[in-house]
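Colleague: I want to check the labels on this model before I use them. Take me through the terms one by one.

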Amino acid sequence: MTKAYRIPEKDNSETKMSKKSVIFRILKYLFAYKGTLLIAAIIMVISNFLSLLGPELSGKAIDAIGENGNVDMRSVLFYAGLMVVFYAGSAALSYLLSVIMISLSKSVTYRMRKDVFEHLCDLPVGYFDKNQSGDLVSRLTYDIDTVNASLSNDLVHILSGIITVSVCAYKMFEIAPVLMLIFLVTIPALIFFSRYRVKKVRPLFSYRSAKYGFLNGYAEEMLSGQKTIRAYSKEKVMISRFDVHNDEAVEAEYNADYQGCILGPSVNFINNITLSLIGMFGVLIFIKTKGSPEGAMFTIGALSSFIQYARRFSGPINETANIVSDIQSAISAGGRIFKLLDEKCEPQNSDATEKLSESGISEEGNLEVNDITFGYTDERTVLHNIFIDAPKRKTVALVGATGCGKTSIINLLMRFYDPNSGEILIDGTNTAKAPISDVRRSFAMVLQDTWLFGGTVAENIAYGRNDATFEEIVEAAKTAKVHNFIEKLPDGYNTVIDENGSNISKGQKQLITIARAILLDTPFLILDEATSNVDSHTEALLHTAMDAAMKNKTCIIVAHRLSTIKNADTIIVMDKGRILERGSHDELLALGGSYASLYNSQFDLVSD
Ligand SMILES: Nc1ncnc2c1ncn2[C@@H]1O[C@H](COP(=O)(O)OP(=O)(O)OP(=O)(O)O)[C@@H](O)[C@H]1O
Ligand SMILES: [Mg+2]
């Protein structure tokens with residue numbers, strides 16, 4: 001099944017966060033820049049006022065044409081000149097405002113992204129098991145961008161809209177309150193109509209995002225599964241399925257855009273009707289009142305100003321529909337960001353009452369697992385009553401069918417998860433009571449899935465010890481039997497491994513991670529032997545490398561190779577989260593239980 005890549009509107013997993021609190025928290029980010037914000041506000045007010053003086057000036061210029069057609073050229077030029085100055089001033093200020101707002105939103109984006117990333121680093125490992133990494137990445141990028149695009153645009157739009165609407169209303173009221181009655185009919189019609197349209201269109205836009213999300217997910221699946229797709233010759237099937245998704249996505253896009261674009265012209269139509277009504281009634285009133293003893297209610301110039309203000313007045317009202325939907329998506333994006341930021345961090349035990357040793361990290365290397373029971377979820381217990389005794393410099397091998405809970409035990413040792421009951425003791429100290437970082441620093445670990453980062457080979461080996469000298473790195477690589485291979489790389493130790501380490505083989509990756517563990521030189525070593533097959537030469541290298549890494553350490557290994565298991569001091573045979581048997585190779589063979597039958601059938605053990 002293709003997983004949904006990103007469907008913002010249908011994010012039901014999010015517990016509802018109130019709109020108010022999201023807006024409040026977004027604004028809190030903004031208010032970190034109070035000074036800039038104040039300057040921006042002042043500039044905005046001035047720029048708006050300057051541009052709003054225009055219609056009044058143009059009215060005055062018109063009125064400078066006398067009743068009998070005599071033009072007072074000086075006045076006309078004066079008002080026209082003022083208009084140019086004011087409009088130019090307003091344009092310059094609004095340019096300045098954009099620059100300020102963009103740089104403000106740049107700072108906020110940076111801050112938010114930094115906060116989210118730092119928070120991600122503090123979250124417990126379990127969080128990443130529960131959440132799709134694609135989704136987390138889109139919060140870090142897409143959602144933050146959405147919020148900030150809205151911050152820099154919508155905020156200015158709303159505030160200047162408020163200024164425009166109030167100033168225009170005031171000016172129009174000054175000129176001819178009667179004419180404003182027309183708005184009583186047209187504005188409700190406008191609002192009603194746009195709300196109706198927006199309601200109709202919004203689901204189409206969410207449907208469109210959902211379809212695109214699906215398309216992305218499908219493409220992602222196709223890209224990551226290239227080898228399998230080709231091996232099974234499924235290209236045609238993939239293409240025809242893609243055609244279906246592509247078709248749906250384009251159709252959804254078309255529908256949303258088609259329905260969306262009806263709104264603009266219709267709103268314009270209503271506006272133009274308003275303006276014509278104002279013009280018509282305005283002129284009628286002018287003619288009617290002109291002959292009266294009090295004189296005309298307003299001049300022709302004033303009427304022209306009125307019409308211009310009326311045009312400006314409805315602008316922000318038209319935009320409301322767009323802004324509202326923009327803000328809605330900013331709020332839903334903000335909700336996703338703050339939901340992540342509200343996730344509880346991994347407890348660091350900074351108030352830890354006990355220490356593993358004077359220096360913090362284990363010195364002796366004694367490990368004891370005492371009656372541990374554990375489940376990733378409340379519904380299912382994965383480990384039942386696990387006891388392990390791994391005294392100093394002894395090797396314990398965990399053996400058992402896939403899914404029996406070997407990696408889970410390692411997760412608990414490293415405190416990636418905490419057990420439901422029972423305790424883990426290092427040198428007699430309960431690790432739950434010691435600082436979490438000290439516990440982790442006591443272990444070197446080679447995981448089932450190797451992880452190399454985009455950097456040089458040397459940097460990758462020195463990952464756990466920034467202070468390692470080049471000689472130490474080479475020494476570790478030699479012990480891990482990977483030195484010769486590294487030497488043959490184009491730039492030796494300075495060869496850059498790309499992001500997913502695709503330019504070196506699986507076996508070589510494993511050797512490099514073993515070198516990394518060797519360099520760390522901790523009292524404990526955890527090895528979760530990779531099940532993936534490597535060629536027999538690399539296999540032999542891996543074997544020697546692992547032996548070297550295990551020297552003088554207390555080791556917990558998950559082993560599949562018979563020779564590694566055989567040499568362990570204690571072998572623990574597991575089945576469905578329980579320990580079935582324990583003892584040395586010979587003892588277990590003598591016992592004649594499940595290890596013996598496993599050994600005799602060679603079942604599930606990769607022999608060497
Ligand atoms: N993050 C997780 N969330 C929920 N359940 C999990 C998680 N990781 C593992 N499990 C479940 O816990 C059980 C034990 O898994 P574990 O990874 O410990 O097996 P394993 O013995 O290491 O298997 P393998 O030999 O294939 O590596 C499995 O049934 C698995 O489905
Ligand atoms: Mg495993």
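Modeller: Start with axes: they are lines fitted to C-alpha atoms, for helices over the stretch in contact, and angles run from 0 to 180 degrees between N-to-C directions. Helices (H or I, at least four residues) and strands (E, at least two) are DSSP runs, numbered from the N terminus. This is a predicted model: local features need pLDDT of at least 70, side-chain atom pairs count only at pLDDT 80 or more, and totals for chains, interfaces and linings use all residues. Residues are numbered from 1 along each chain as its sequence is written, and chains are lettered from A and ligands numbered from 1 in the order in which they are written.

Colleague: What makes H13 oblique to H15?

Modeller: The axes of H13 (residues 470-479) and H15 (residues 506-520) cross at roughly 125° and come within 8 Å. Angles under 35 degrees count as roughly parallel, over 145 as roughly antiparallel, 65 to 115 as roughly perpendicular and the rest as oblique. The H13 and H15 angle falls in the rest, so the pair is oblique.

Colleague: Which residues of H13 and H15 meet?

Modeller: Contact requires C-beta atoms, placed from the backbone, within 7 Å. On H13, Glu 472, Ile 473, Ala 476, Ala 477 and Thr 479 meet Ala 515, Ile 518 and Leu 519 of H15. These divide into six nonpolar, one polar and one charged. Ala, Val, Leu, Ile, Met, Phe, Trp, Tyr, Cys and Pro count as nonpolar, Asp, Glu, Lys and Arg as charged, and the others, Gly among them, as polar.

Colleague: Why is H6 called roughly antiparallel to H8?

Modeller: H6 (residues 181-224) and H8 (residues 235-290) pack at about 165°, with axes 9 Å apart. That angle is over the 145 cut-off, so H6 is roughly antiparallel to H8. Their contact has 26 nonpolar, nine polar and six charged residues.

Colleague: How do you know which residues surround ligand 1?

Modeller: A residue is near a molecule if its C-beta atom, placed from the backbone, lies within 6 Å of it. The shell includes Asp 129, Tyr 376, Lys 406 and Gln 448. H10 (residues 406-413) gives the most, with three residues. By class, the shell has three nonpolar, six polar and two charged residues.

Technical notes:
Contact = placed C-beta atoms within 7 Å.
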